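Here is a walk through a structure, one element at a time. Keep the viewer open and follow along.

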Amino acid sequence: MSDETRQILEWLSPMAPRERHQAVREGRVDGVGEWLLRTEEFDKWHTSEDRAVHPLLLCYGDPGVGKTHLRCVKVAPFKYWKLVKLT
Amino acid sequence: MSDRDSVVVACVYCDFHAHKEQSAASLLASLLRQLVAGVEPIPGEIKKAFDRAKSEVDGRAHQLPEICAMLIKSLLSLRRGFICIDALDEFPAKHRPDLWKSLQHIIKECPNVRLFITGRPHIREEAKKYLPGYPNLPPVQPTKEDIGGYLAMRLKKDPDPYLMDKRLEADILRIIPDKVSGAYVKSINSEFKVTN
């Protein structure tokens, strides 16, 4: 990555979601929250590219119930890993 | 920039403790950063905006319409984009209308985008106002299996496992998952922090 690209990215956002994301992933127990992935609502939202499908999936709950550890994709796409590495 | 086969996930985690730095523009800019991080060269309009900001003495803050437009352009170049916003209730209330309106705009312009938002129950009222008609899900609650898996993982990480009474360990794994509730999980977490 060139210096200028690095500066532009830093200018866009000094926030570092990668660190937080890493911490969330490491603290996550395999299989937690899998119930969501098995719901019809999730399946439609995740799989269908139809414009008629509502684009929002809202997961709500009290503090400490594990919302942060829910997965929003069934399989992490390739570019996702690339992003996690670079951001 | 064109990456029509790409499926990209971009996430932000809102935090009560970072209120000063959080605005609708900064949140969207964080998403945009994730979208363009792997792209070389950086899209022209983003570089131009950077050059403009650099030429100004005080390096002005991001302008919401400008960031929103750049984000839409980047999202449209993908096959699919998943935007995840965790703990939206922790994002400053005074900036949330701006953020919701921006998300409304993004959704309208980008049919290839899906939004995944988590938050405390009261956030539903705002979601209904700005993006009505979203699917109804039950509230997030840890399942018995989730609690069992979590406890097993924490017990495995015990730095002094020889101090653990085997009967107590079995009781923990048997009784606690049965008495599961959100508040209970919180108390388990703090209890483990103390003992570990």
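Predicted model: local features only at pLDDT ≥ 70, side-chain atom pairs only at ≥ 80, totals over all residues.

Begin with chain A. Its 87 residues include 29% that count as buried. Five helices and one strand make up its secondary structure. Along the sequence they come in the pattern α-α-α-α-β-α.

Chain B has 196 residues, and 32% of them count as buried. Here there are eight helices and three strands. Their order along the sequence is β-α-α-α-β-α-β-α-α-α-α. Now take the contacts in chain B between residues at least 6 apart in sequence. Of these, 83% join residues at least 24 apart.

Next, the contact between the chains. How many residues of each chain take part? In chain A, 45 residues are in contact with 58 residues of chain B. On the side of chain A that touches chain B, several elements supply at least two residues each: α1 (3–12), α2 (17–26), α4 (40–47), β1 (56–60) and α5 (78–86). That side has 25 nonpolar residues, twelve polar and eight charged.

Strands also cross from chain to chain. β1(A) runs parallel to strand β3 of chain B, residues 113–119, and five bridges join the two. Follow the pairs along the strands. L58(A) has I117(B) as its bridge partner. For C59(A), the partner is T118(B). Y60(A) stands opposite G119(B). β1(A) is mostly covered, with four of its five residues buried.

Strand β2 of chain B, residues 78–86, pairs with β3(B) in the parallel sense, over five bridges. In this pairing F82(B) stands opposite R114(B).

How much of β3(B) is buried? Seven of its seven residues are, so the strand is largely enclosed by the rest of the structure. The two faces can be read separately. In a regular strand, side chains alternate between the two faces of the sheet. On one side of β3(B) lie V113(B), L115(B), I117(B) and G119(B); on the other lie R114(B), F116(B) and T118(B). All of these are buried, and both faces are covered.

Pick out one residue of this strand, L115(B). Why does L115(B) count as buried? It has 22 other C-beta atoms within 10 Å, and the cut-off for a buried residue is 20 or more. Which residues does it touch, leaving aside its neighbours within four places in sequence? Two are in chain A, P55(A) and L56(A), and the others are I83(B), L103(B) and I107(B). For a sense of scale, compare L115(B) with Y130(B). They are 15 residues apart in sequence and 13 Å apart in space, C-alpha to C-alpha.

Now go back to chain A and its helix α1. Its buried residues are I8(A), L9(A) and L12(A). Seen down the helix axis, these fall within an arc of 95°, so they line one face of α1(A). Exposed residues D3(A), R6(A) and E10(A) sit on the face turned away from that buried side. What covers the buried residues? The cover includes two helices of chain B, α1 (24–36) and α2 (44–55).

Last, a pair of helices within chain B. Two packed helices are described by the angle between their axes and the distance between the axes. Take helix α6, residues 144–156, and helix α7, residues 166–175, both of chain B. They pack at an angle of about 155°, with their axes 9 Å apart. Angles over 145 degrees count as roughly antiparallel. α6(B) and α7(B) are therefore roughly antiparallel to each other.

Which residues meet there? From α6(B) come G148(B), L151(B), A152(B) and L155(B). From α7(B) come E169(B), I172(B) and L173(B). By class, the residues of this contact divide into five nonpolar, one polar and one charged.

Conventions
Residues numbered from 1 in each chain as written. Chains lettered and ligands numbered in written order. Buried ≥ 20, exposed ≤ 12 C-beta atoms within 10 Å, placed from the backbone. Contact = placed C-beta atoms within 7 Å. Nonpolar A, V, L, I, M, F, W, Y, C, P; charged D, E, K, R; others polar. Pairing = 2+ DSSP bridges. Axes fitted to C-alpha atoms, helices over the stretch in contact; angles between N-to-C directions. Parallel < 35°, antiparallel > 145°, perpendicular 65-115°, else oblique. Arc of directions from axis to C-beta.
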